[in-house]
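Trainee: Before we look at numbers, I would like to know what the terms stand for. Can we take them one at a time?

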Amino acid sequence: MNVPLLDLVAQYCAIKDEVMPALLGVIESQQFIMGPAIQQLEAEVARLSHARHGIGCASGTDALLLPLKALGLQPRDEVITTPFTFFATAGTIHNAGGTPVFVDIEPESFNIDPAAVERAITPRTRAILPVHLYGQMAAMERLRASAEPRGIPIIEDACQAIGARRRLDGQWRMAGELGWVTGYSFFPSKNLGAWGDGGMMVTSDDAVADRLRKLRLHGGAKQYHHEEVGTNSRLDTLQAAVLVAKLPHLAGWSARRQEHAAYYTNALAGVPQVKPPVVDRANEHIFHQYTLRVERRDELQAHLKAKGIGHAIYYPLPLHLQPCFAYLGYTAGRLPVAEQAAREVISLPIYPELTTAQLDCVVDAIRGFYR
Ligand SMILES: *Cc1c(COP(=O)(O)O)cnc(C)c1O
């Protein structure tokens with residue numbers, strides 16, 4: 001049996017009767033630019049995030065770039081972030097004119113280590129950019145304890161974590177609720193995926209919400225009048241219509257992902273060479289990825305490939321060792337926890353539509369490899 005890493009066609013077949021009429025509605029109205037579906041999606045994603053404002057934009061990358069631009073970074077201004085993430089997290093810091101400062105991660109959650117962040121703060125620190133990796137929130141309360149007294153804003157990279165939450169003082173706090181601005185991606189493979197590129201920022205800061213709305217439209221609130229230089233980073237109305245139709249399914253999809261994760265974790269419990277993901281007790285993990293630490297990772301990869309089982313390495317080379325960031329002067333060994341994770345992790349198929357037979361097939365292949 002073949003088990004792909006992701007099967008977007010399965011999801012399409014399940015929901016096309018809901019999505020196609022929404023798309024057709026946009027097409028028949030011919031209101032492709034900033035049509036009503038955008039505002040509807042913005043309001044719904046803001047509500048889900050316990051935030052006051054949602055501001056659609058062209059991608060998850062832009063959902064990080066625009067708030068960084070709003071900070072007006074100068075060349076030596078520092079933004080502290082994790083090296084164990086998708087490239088966009090740090091690429092946007094560079095492109096906004098700042099200097100990425102990489103600190104190590106926690107070995108269990110794979111998220112940025114708040115103690116390392118505290119140690120890395122300098123007078124030039126202008127923001128902290130944690131990532132809620134694989135769908136599990138970073139320790140926001142500890143990051144806030146470092147950031148708030150110093151007036152440093154936190155930009156959450158929640159591109160993998162829409163709908164994830166963390167229990168603090170007996171209350172559920174959503175991804176997007178505890179930072180200054182949060183970026184989401186609607187890249188097709190994300191938990192809430194569009195049929196193309198898309199992104200959104202959420203914030204409860206009224207002033208920055210106004211600025212972000214302008215920055216995505218060439219820096220002007222009124223057409224042909226520009227208070228500052230922005231860019232064209234609108235969310236496409238067709239994509240917003242797809243996402244409005246898909247959003248009511250998100251909670252059910254996340255629940256399915258959690259069930260699959262529990263199934264794998266149970267079934268792999270007797271395999272000592274495999275360490276299933278650790279969910280922080282405070283977190284509800286939405287399993288954008290189900291990522292193991294394993295022994296003999298590269299051999300396991302070849303074995304899974306031969307068996308037709310999809311898998312991926314997120315991420316094989318930490319960002320502080322990427323050639324494009326050589327100018328920052330990091331060398332191998334500087335961030336050992338991230339570097340070890342890059343050597344040991346492997347992600348398995350976890351999409352909602354997986355069947356039990358497919359899950360068993362993945363489990364059998366892994367058990368067979370280590371037997
Ligand atoms: C997907 C992703 C992004 C970028 O999103 P795009 O929509 O592809 O631009 C940024 N950060 C993380 C952690 C991501 O997973």
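Mentor: Start with the cavity: a set of grid points where a 1.4 Å probe fits but cannot get out. This is a predicted model, and a search of the whole structure finds 3 cavities of 30 Å³ or more.

Trainee: What volume does the largest cavity have, and which residues lie nearest its centre?

Mentor: The volume of the largest cavity is about 80 Å³. Its lining has 14 residues, and nearest the centre are Leu 6, Leu 8, Gln 11, Lys 190 and Arg 257. By class, that lining is made of 5 nonpolar, 4 polar and 5 charged residues.

Trainee: Why is the largest cavity said to lie between domain 1 and domain 2?

Mentor: Because domain 1 (8-248) and domain 2 (249-370) both give residues to its lining, the largest cavity lies between them.

Trainee: What makes a space a pocket rather than a cavity?

Mentor: A pocket is an open set of points, with protein on both sides within 12 Å along at least five of seven lines. The largest pocket holds about 480 Å³ of space. Of its 29 lining residues, Gln 160, Phe 187, Ser 189, Lys 190 and His 288 are the closest to the centre.

Trainee: Which helices supply at least two residues each to the lining of the largest pocket, and what classes make up that lining?

Mentor: The helices are α3 (60-70) and α4 (88-95). The largest share, 3 residues, comes from α3. The classes are 14 nonpolar, 11 polar and 4 charged residues.

Trainee: Why is the largest pocket placed between the domains?

Mentor: Residues of domain 1 (8-248) and of domain 2 (249-370) both line the largest pocket, so it lies between them.

Trainee: What is known about the second largest pocket?

Mentor: Its volume is about 220 Å³. Of the 13 residues lining the second largest pocket, Leu 48, Gly 163, Met 174, Leu 250 and Ala 251 come closest to its centre. Two or more residues each come from α2 (36-48) and α9 (250-267). The lining has 7 nonpolar, 2 polar and 4 charged residues, and at least three residues are drawn from each of domain 1 and domain 2.

Trainee: Which residues come nearest the ligand?

Mentor: Of the 14 residues around the ligand, Gly 60, Thr 61, Asp 157, Ser 185 and Lys 190 come nearest.

Trainee: What makes the bond between Tyr 314 and Tyr 315 worth a remark?

Mentor: Most peptide bonds are trans. The bond joining Tyr 314 and Tyr 315 is cis, with omega about 15°. Tyr 315 sits in the loop between α10 (297-306) and α11 (336-344).

Trainee: What is the phi of Met 34, and where does Met 34 lie?

Mentor: Most residues other than glycine have a negative phi. Met 34 is not a glycine, yet its phi is positive, about 55°. Met 34 lies in the loop between α1 (8-29) and α2.

Methods
Residues numbered from 1 in each chain as written. Predicted model: local features only at pLDDT ≥ 70, side-chain atom pairs only at ≥ 80, totals over all residues. Heavy atoms only, no water. 1 Å grid on protein atoms, 1.4 Å probe; cavity = no way out; pocket = protein on both sides within 12 Å on 5 of 7 lines; lining within 4 Å. Points joined across faces, edges and corners; volume = space filled by probe spheres on them. Helix = DSSP H or I, 4+ residues; strand = E, 2+ residues; numbered from the N terminus. Nonpolar A, V, L, I, M, F, W, Y, C, P; charged D, E, K, R; others polar. Domains from an automatic or database assignment. Near = heavy atom within 4 Å.
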